[in-house]
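Open the structure in your viewer and keep the sequence beside it. The stops below say what to select and what is there.

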Amino acid sequence: TADDARVIVGVAVTHRGSDMGESTPMLEQIEKRTGVRPLELLVDGGYAKHEAIDEAAARNVTVYAPLPKPRDDDGSDPHRPRDTDSAAVAAWRQRMATDKAKQIYRQRAATAETVHADAKTHRGLDSLTLRGRGKALASVTLFALTYDILRANGVELGKRDIYGGTEIALAPFRANLSYFAVDLDRMMRERPEQLGEMLRAL
């Protein structure tokens with residue numbers, strides 16, 4: 001998620017139980033999709049794999065991620081560089097001890113986390129009834145496209161809004177905006193061939 005515009009710039013689906021190592025392929029995807037390499041990367045602690053921090057530094061990307069708590073709770077300062085740390089990891093430890101880094105990292109709550117909350121609360125992505133990574137990726141990719149289009153045009157409208165009959169402001173539609181809603185979950189169950197054609201066209 002881009003912090004200023006709060007739009008989704010990358011999508012991936014994995015069956016792994018951990019986010020470790022996922023930041024590197026996401027950086028590559030973002031650069032491929034947008035043609036721009038992020039200068040900063042705000043990720044939660046699950047992404048803070050040392051190799052990923054090294055790879056981000058090699059791309060001149062500054063990582064902001066919380067440090068894990070010491071396992072043995074020996075009172076050691078997690079911000080103090082270790083003998084085994086690379087230069088990038090040592091710099092990350094020291095960076096996250098600063099007030100500036102802590103302030104920057106707090107922006108994540110108002111950007112990525114709000115998108116996650118929107119997906120779960122308003123778009124029905126708290127759980128998927130689809131099977132397989134391909135179908136799951138198709139579902140979240142279409143969500144991302146829809147979300148970004150609505151963000152760009154100032155409209156917030158989701159599946160639960162439609163089925164619940166939520167009232168919306170019509171002012172954005174003055175700019176000749178058109179809105180099309182597709183129930184992916186139902187379409188995947190009832191018309192999978194047609195959905196496949198739509199995705200191939202995208």
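Among contacts in the protein chain between residues at least 6 apart in sequence, what percentage join residues at least 24 apart? The share is 57%, where contact means heavy atoms within 4.5 Å.

This is a predicted model, in which local features need pLDDT of at least 70 and side-chain atom pairs count only at pLDDT 80 or more, while totals for chains, interfaces and linings use all residues. Residues are numbered from 1 along each chain as its sequence is written, and side-chain values use heavy atoms, with hydrogens and water left out.

Start with the whole protein chain in cartoon view. Nine helices and two strands make up its secondary structure; helices (H or I, at least four residues) and strands (E, at least two) are DSSP runs, numbered from the N terminus. The order from the N terminus is α-β-α-β-α-α-α-α-α-α-α. Of the 202 residues, 31% are buried, meaning under 20% relative accessible area with a 1.4 Å probe, protein chains only.

Next, select helix α5, residues 112–121. Ala112, Val115, Asp118 and Ala119 are buried there. They lie on the same side of α5 because they cover an arc of only 125 degrees around the axis, taken from the directions from the helix axis to the C-beta atoms.

Move to helix α6, residues 133–153, and select phenylalanine 143 and tyrosine 147, which are four residues apart, about one turn of the helix. Both phenylalanine 143 and tyrosine 147 are buried.

Last, select arginine 95 and tyrosine 64. Arginine 95 lies over the face of tyrosine 64, 5.6 Å from the ring centre; the criterion is CZ of Arg or NZ of Lys within 6 Å of the ring centre and within 35 degrees of the ring normal.

How values were computed
Buried < 20%, exposed > 50% of the residue type's maximum accessible area, 1.4 Å probe, protein only.
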